[in-house]
Protein chains: 2
Amino acid sequence: MTTFPAPVDEPSRPGLGLVGAGAFGGFCLPHLRPFFRIHLADPRPDLGEIAARHGVRAASLAEAAAQPFVLLAVPVAQIAATGAAIAPHLRPGTLVVDTCSLKLEPLRLLRAVLPASVELVGTHPLFGPNSGRHGIAGLRVTVCPGRGGRHRLVERFLERALGLTVIRSTAEAHDREMAQVQGLTHLVARLVDSLDLPRPSQTTPSFEQLMRAVEAVRDDSEALFRTITQENPFVAPLTERFFATAREMQARMSPGSSAGCLPGTAGEAVGDAA
Amino acid sequence: MTTFPAPVDEPSRPGLGLVGAGAFGGFCLPHLRPFFRIHLADPRPDLGEIAARHGVRAASLAEAAAQPFVLLAVPVAQIAATGAAIAPHLRPGTLVVDTCSLKLEPLRLLRAVLPASVELVGTHPLFGPNSGRHGIAGLRVTVCPGRGGRHRLVERFLERALGLTVIRSTAEAHDREMAQVQGLTHLVARLVDSLDLPRPSQTTPSFEQLMRAVEAVRDDSEALFRTITQENPFVAPLTERFFATAREMQARMSPGSSAGCLPGTAGEAVGDAA
């Protein structure tokens, strides 16, 4: 059994190629650095600065791909091109791990472009730079077996070294749940955010909770919003239903409506504060 | 200066008539009982049981109204009728306090029906049986001067005896903020709740926060939802805008749309996890 012990001296750490120095790649670095010699690759012009700031090596894509572990922190839209670009440089037995917010299509694309001699594990960290800003222990991560049996190694690392709660899932089950979890949260958050309302002083606990959810996704990228709401094949029925329900609510709430506000909510008539 | 010291023996406590033994009235009882001799009035047939369960007196409306303090825990829709019903039994100098989720219209109605010899203070506890189930210290309450100067007495009691954070407001400023705070929270919560989705296992922190907000208002009565969304004169423009924004979002997200998803959200292209 391969174990992930306490952080070791830099030269003895295994090499990890991190492809993608964007918001999530940068967020990962301090959590991974104690366990790996990291080679950070990204075409962005400020790669050197980012690598220096985190105390890791700026690397070419070829150098990153030549490490025994390769972690992809790129959006779903770039996963096929990234996979094709690293493919010629991968060594047999390399473990490639992706972090896309979707799993079905990215893992299918990676399986198609990566050589048969490398193993593949899909992960989706169910948190980000905002929700993980005070630490990631106890947060959730999905692991989807991709090719080969080393998802168990990845699970042990995520649980024991990073303290995450691992949920093993098929890619399809993951994407179905994400349609609801991320789809709904982002729909609501973007809707509320678009209203651009002033911050009131007389607030209820439930309003504060709603605003925390809105603020947590406010900084997510437009690319992520598109991935969540448009690239997940299971999200369309939910989006459809969300907006249809909004129209029904509006109709029920219109002054001329004789229907009750909402079905199944008949409550007590007395007791008036929220 | 009148002070509210530590709870005193029952016979020396001032009398308080609590009108309304519904969800909010019942929720108030354990918090008020250490400070008052409570006379609980409500036309409901199980009044005796509720009073016995809380160790307070079941009372007629006349008895409750004859106390030096009278607290109204009835919905906005019943405030005028309740005010008219207690009016003949009120003694000069009595302090009447309401707890309605709106302040402008309820205070106007109460000023119209209560004798000029009683004082009036409007309050809106910005919490309820759900958000206050683990205690109310630190939660917020709005106080609106109604008639006379004893709102300062009420504020001191709420702050020092109950540990609440008091926000003094005009009735209009309160109703304007509530249009947003309660209106928006309830619109979103009812919308999400109406989708009737299964509870997923792979959840993000922001989804969990959204669901806590939804669950916090789930148990609110239909009467409260109507008060919040339909009886507040300032909520209609927000509701209108909420549904209009939903329609715009849907149009932008439709497959044929060439527009970006949402304005002002261009984010980083790399960094793909929420």
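This is a predicted model: local features need pLDDT of at least 70, side-chain atom pairs count only at pLDDT 80 or more; totals for chains, interfaces and linings use all residues.
In chain A, 8 strands make an open sheet, and reading across it gives the order β3-β2-β1-β4-β5-β6-β7-β8, with mixed pairing. At the edges sit β3 (57-58) and β8 (165-168) of chain A, each of which pairs on one side only.

Now hop over to chain B. Here too there's an open sheet of 8 strands, ordered β3-β2-β1-β4-β5-β6-β7-β8, and again the pairing is mixed. Its edges are β3 (57-58) and β8 (165-168) of chain B; each has a single partner strand, so one side of each has no neighbour in the sheet. Further along that order, take β6 (residues 119-125) and β7 (residues 140-147) of chain B, which pair in the antiparallel sense over 6 bridges. If you want a spot to look at there, B:H124 stands opposite B:T142 in β7(B).

The same surface is used by both copies, with 99% of the contact residues of chain A recurring in chain B.

On to the contact itself. Chain A puts in 96 residues and chain B puts in 95 residues. Between them, about 8100 Å² is buried, and carbon and sulfur atoms give 62% of that area.

What about the polar side of things? Across the interface of chain A and chain B there are 16 residue pairs in polar contact, both residues being at pLDDT 80 or more. The elements of chain A that each supply at least two residues to the side touching chain B are α1 (23-32), β6 (119-125), β7 (140-147), α7 (171-195), α8 (205-218), α9 (222-231) and α10 (235-253). Among these, α7(A) gives the most, with 17 residues. Sort the residues on that side of chain A by type and you get 49 nonpolar, 33 polar and 14 charged.

As for salt bridges, the rule finds 1 across the interface of chain A and chain B. It's the side chain of B:R140 meeting that of A:E208, with 4.0 Å from N to O.

Notes
Residues are numbered from 1 along each chain as its sequence is written. Chains are lettered from A and ligands numbered from 1 in the order in which they are written. Side-chain values use heavy atoms; hydrogens and water are left out. Contact means heavy atoms within 4.5 Å. Buried area is the accessible area (1.4 Å probe) that two parts lose on being put together, summed over both. A polar contact is a pair of N or O atoms within 3.5 Å; within protein, one must be able to donate a hydrogen and the other to accept it, and residues adjacent in sequence count only if both atoms are side-chain atoms. Helices (H or I, at least four residues) and strands (E, at least two) are DSSP runs, numbered from the N terminus. Ala, Val, Leu, Ile, Met, Phe, Trp, Tyr, Cys and Pro count as nonpolar, Asp, Glu, Lys and Arg as charged, and the others, Gly among them, as polar. Two strands pair if DSSP finds at least two bridges between them.
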